[in-house]
Amino acid sequence: MDQFLGVSQFLYLFFNVVVIVLSLMFLKLFKRCWISPVRAQTKLRQNGFVGPATSFPLRKVFVYWLGIEPFVYVADPEFLSDIERCIGEELGKTKCDDWTRHRHMITPAFSPLNLKGMANMMVESTTNMLDRWAIQINSGNPVFDMEKEIVVTAGEISAKTSFGVTGENATQFLKNLRAMQLALFHSHRYVGVPFSGILDFKQTLEAKGVSLLKAEKGEFTATELVDECKTFFFAGVETTALALTWTFMLLAIHPKWQDTLRDEIRQVIGDSEIEYKKLAGLKKSNSFRHRFPPTTQQLFHLLPPPFSIVFGVRNWVMQMSWVMNEVLRLYPSALNAQRQARRDIEVNGRVIPNGTNIWIDVVAMHHDVDLWGDDFNEFKPERFDGDLYGGCKNKMGFMPFGFGGRMCIGRNMAFMEYKILFSLVLSRFEISFSPGYRHSPKHVFSLRPGYDLPLIVRAL
């Protein structure tokens, strides 16, 4: 009897504990899925942030929801300037201290000495690609999937320069990271949905498991190191490779720019091999000379937007930079920038509640007729002649590499790689459209061709 009473008391206590735990879980879930969203919605409405209009064009600042997650959509550069001025580095996805520590440790990777050493590896990988092109053209097949060719070569360069991986290991490394990218993209389909990790368990598991990166103990934690390597690779490969991909598409449409740039390359480089120092000669004199006269020691310092200076050349604007800036305006590699309020923040008297996501639409600002004029959809690199922001009426309206203190740390490396690949390709080949091309850009973290990019390549 005593034993029975003991078991009954145990079951009674166990049942009570289970009820208490489940009640706490329910209360936490209720707060997360109902109370917090309602509070955020009320505060947003009180401060004038409402949903999008039911007609086009949409407002440039409004609120929308993904499940229980509030988002403030921003396509107004003036409002974005106010956000940057009011909250600075406190508006970020990671804590400021962590971000500063990460930035400090990563910065040496982009030192002048390191970038100079990377140039030869970039030339080597690009030359190998072009030699393969020559063999294929001689065999009677001049059509190439330009996206695949450039992405593979840029990936090989990134694996070699950033991680020291070459050969078959590099190929497998790239395949795994590409698989991880797709898994991460699909695992984010349920943003704002409670228990989304369970609803899409397979994709979540793949996103966490597909990796060859291994972290060692050091100043980064293991998780931080792996995350930084992923970001390092994706940003390094995607930005340059897709910028070049869209560049070759646009130059196939506008062959006169191929001739213009080829003439500039020949004037600066001639028939000799591309050298690190000669890349700075791809320039065009202009009235900005007095604004930025860096010394030799300053050649590779991180530079302010809009990224028209590469390697600290004294004469700012160059025709190749015009083209790259215009390509990044029309087809930005990063379609949006995202931030999250870590506290209630006040912007011109309007409060954005803690936890609210900020979705900055880069594409909308780069194609805003009010900022760029009636020719905003046209490929006109000359708009950057004598104007660092391409004639944009607000400098925050042109931000292909981010903005503020968190601007892309690797943009100088991207410019160097862009110039090397671009110069080598145009020095040996001319590019034209293939009839099989279908223009349908798609968004998979970055903006890429939806149906490949077949172009016809012919030797000069």
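Modeller: A helix axis is a line fitted to C-alpha atoms over the stretch in contact, and angles run from 0 to 180 degrees between N-to-C directions. The model is predicted, so local features need pLDDT of at least 70 and side-chain atom pairs pLDDT 80 or more, whereas totals for chains, interfaces and linings use all residues. Residues are numbered from 1 along each chain as its sequence is written, and side-chain values use heavy atoms, with hydrogens and water left out.

Colleague: At what angle do α10 and α14 pack?

Modeller: Helices (DSSP runs of H or I, at least four residues) and strands (E, at least two) are numbered from the N terminus. Helix α10 (residues 255-269) packs against α14 at about 105°, with the axes 10 Å apart, and the two helices are therefore roughly perpendicular (65 to 115 degrees). Contact, meaning heavy atoms within 4.5 Å, is made by Q258, L261, R262, I265 and I269 of α10 and by F422, S423, L426 and S427 of α14.

Colleague: How many aromatic pairs does a search of the whole structure find?

Modeller: A pair of aromatic rings is described by the distance of the centres and the angle of the planes. The search finds twelve such pairs, taking rings of Phe, Tyr and Trp (its six-membered ring) with centres within 6.5 Å, and calling planes under 30 degrees apart stacked, over 60 edge-to-face and the rest tilted. One of them joins F62 and Y73, whose ring centres are 4.5 Å apart with planes at 15°, so the pair is stacked. The pair links distant parts of the chain, with F62 in strand β1 (residues 61-66) and Y73 in strand β2 (residues 69-74), eleven residues apart. F62 is buried at 5% relative accessibility, and Y73 is buried at 14%, where buried means under 20% relative accessible area (1.4 Å probe, protein chains only). Ring pairs also link F62, Y64, F71, Y73 and W359 into a cluster.

Colleague: Which form does the pair of F384 and F398 take, stacked or tilted?

Modeller: The pair of F384 and F398 is tilted, at 5.4 Å centre to centre and 50° between the planes. Both residues lie in the loop between α13 (369-372) and α14 (411-428), so their pair ties together parts that are 14 residues apart in sequence. F384 is buried, with a relative accessible area of 1%, and F398 is buried with 2%.

Colleague: How many residues of α11 are buried?

Modeller: Twelve of the twelve residues of α11 are buried, so this helix is largely enclosed by the rest of the structure.

How values were computed. Buried < 20%, exposed > 50% of the residue type's maximum accessible area, 1.4 Å probe, protein only. Parallel < 35°, antiparallel > 145°, perpendicular 65-115°, else oblique.
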